[in-house]
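Biologist: I would like to learn how to read this model, feature by feature. Where do we begin?

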Amino acid sequence: VGFKFAVMGTTLAVAALAFIPAPFYVSSEARVEGAIQRALVSPIDGYLKEAYVRPADVVKAGQLLAELADDDLKLGRRKWESELAQAGSAYGEALAKQDRGQVVMQQARMEEANAQLQLTEQEIARSQVVAPFDGVIIKGDLTQALGAPVKRGDQLFTLAPSNAYRVILEVDERDIALVAAGH
């Protein structure tokens with residue numbers, strides 16, 4: 001009789017446990033990342049002159065993050081300024097001599113030198129890497145790479161906005177059906 005009561009009690013306990021809801025937790029690897037991640041790349045070929053930020057630094061839009069060496073570009077600017085001055089001087093002489101062929105040729109030289117000068121000015125301006133929006137640097141510690149060569153398109157930093165995040169869960173595919181939004 002005692003054995004029958006024990007078996008019956010165990011059966012009732014198992015049946016009750018099968019119908020009573022209990023919380024079940026699925027564990028997984030998780031990481032928090034920015035909702036948007038912007039790669040900031042080298043705009044020109046050159047050498048890294050200075051890096052002003054490191055990962056986890058909060059930056060403002062327009063803040064200077066890094067500079068590339070622009071000595072060669074400044075030298076190129078002086079060259080094109082000199083070319084422009086020489087072409088202008090030769091243009092004036094040709095105009096005084098009323099030599100139409102030389103006037104046209106020197107005018108073309110002046111336009112070329114002016115275009116090259118503007119291009120060099122733009123490259124000098126692009127040698128500074130600035131933050132496009134407020135955010136946090138999440139990748140790119142360049143403090144040990146000062147003076148290193150960089151090519152156009154090399155990734156220098158990764159920037160994420162400081163107010164928009166997402167959580168990435170890596171749930172095993174066997175447990176994915178058990179995952180639901182909740183507390």
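Modeller: With salt bridges. A salt bridge is a side-chain nitrogen of Lys or Arg within 4 Å of a carboxyl oxygen of Asp or Glu. Here Arg31, Glu33, Arg166 and Glu170 are linked in a network of such bridges. Two cautions on the source: this is a predicted model, in which local features need pLDDT of at least 70 and side-chain atom pairs count only at pLDDT 80 or more, while totals for chains, interfaces and linings use all residues. Residues are numbered from 1 along each chain as its sequence is written, and side-chain values use heavy atoms, with hydrogens and water left out.

Biologist: How many salt bridges does the structure hold?

Modeller: Eight. One of them joins arginine 166 to glutamate 33, with the closest N and O atoms 2.7 Å apart. Arginine 166 lies in strand E10 and glutamate 33 in strand E1 (residues 29-34), so the pair ties together parts that are 133 residues apart in sequence. Helices (H or I, at least four residues) and strands (E, at least two) are DSSP runs, numbered from the N terminus.

Biologist: Is glutamate 33 buried or exposed?

Modeller: Buried means under 20% relative accessible area, exposed over 50%, partly exposed in between (1.4 Å probe, protein chains only). Glutamate 33 has 16%, so the residue is buried. Arginine 166, at 39%, is partly exposed.

Biologist: Which residue forms a salt bridge with aspartate 70?

Modeller: Lysine 74, with the closest N and O atoms 3.7 Å apart. Aspartate 70 is buried at 10%, and lysine 74 is partly exposed at 32%. Another salt bridge runs from aspartate 172 to arginine 174, at 3.0 Å. There, aspartate 172 is partly exposed at 33%, while arginine 174 is exposed at 67%.

Biologist: What is serine 127 in contact with?

Modeller: Contact means heavy atoms within 4.5 Å. Leaving aside neighbours within four places in sequence, serine 127 touches Ile44, Ala66, Glu67, Leu68 and Asp70. Serine 127 sits in the loop between helix H3 (100-126) and strand E6 (128-130). Its relative accessible area is 2%, so serine 127 is buried.

Biologist: What span should helix H2 have?

Modeller: The expected span is 1.5 Å times one less than the number of residues. H2 (residues 71-97) has 27 residues and should span 39 Å; its end C-alpha atoms are 39 Å apart, which agrees. Its buried residues are Leu73, Gly76, Trp80, Ala87 and Ala94. They pack against H3. After H2 comes glutamine 98, with a positive phi near 60°.

Biologist: What is the strand order in the open sheet of four strands?

Modeller: Two strands pair if DSSP finds at least two bridges between them. The order is E2-E9-E7-E4, with antiparallel pairing. Strand E2 (38-41) and strand E4 (58-59) are at the edges with a single partner strand each, so one side of each has no neighbour in the sheet. E4 and strand E7 (residues 135-139) pair over two bridges. Valine 59 has glycine 135 in E7 as its bridge partner.

Biologist: Which residues form the nonpolar patch on the surface?

Modeller: Patches are made of residues with over 30% relative accessible area and no salt bridge: like charges are joined within 9 Å, nonpolar side chains (Val, Leu, Ile, Met, Phe, Trp, Tyr) within 5 Å. Val32, Tyr165, Val167 and Leu169 form this one, with about 430 Å² of accessible area together. Such areas come from the Shrake-Rupley method with a 1.4 Å probe; for residues, only the protein chains shown count as cover. Strand E10 (residues 165-170) gives the most to the patch, with three residues.
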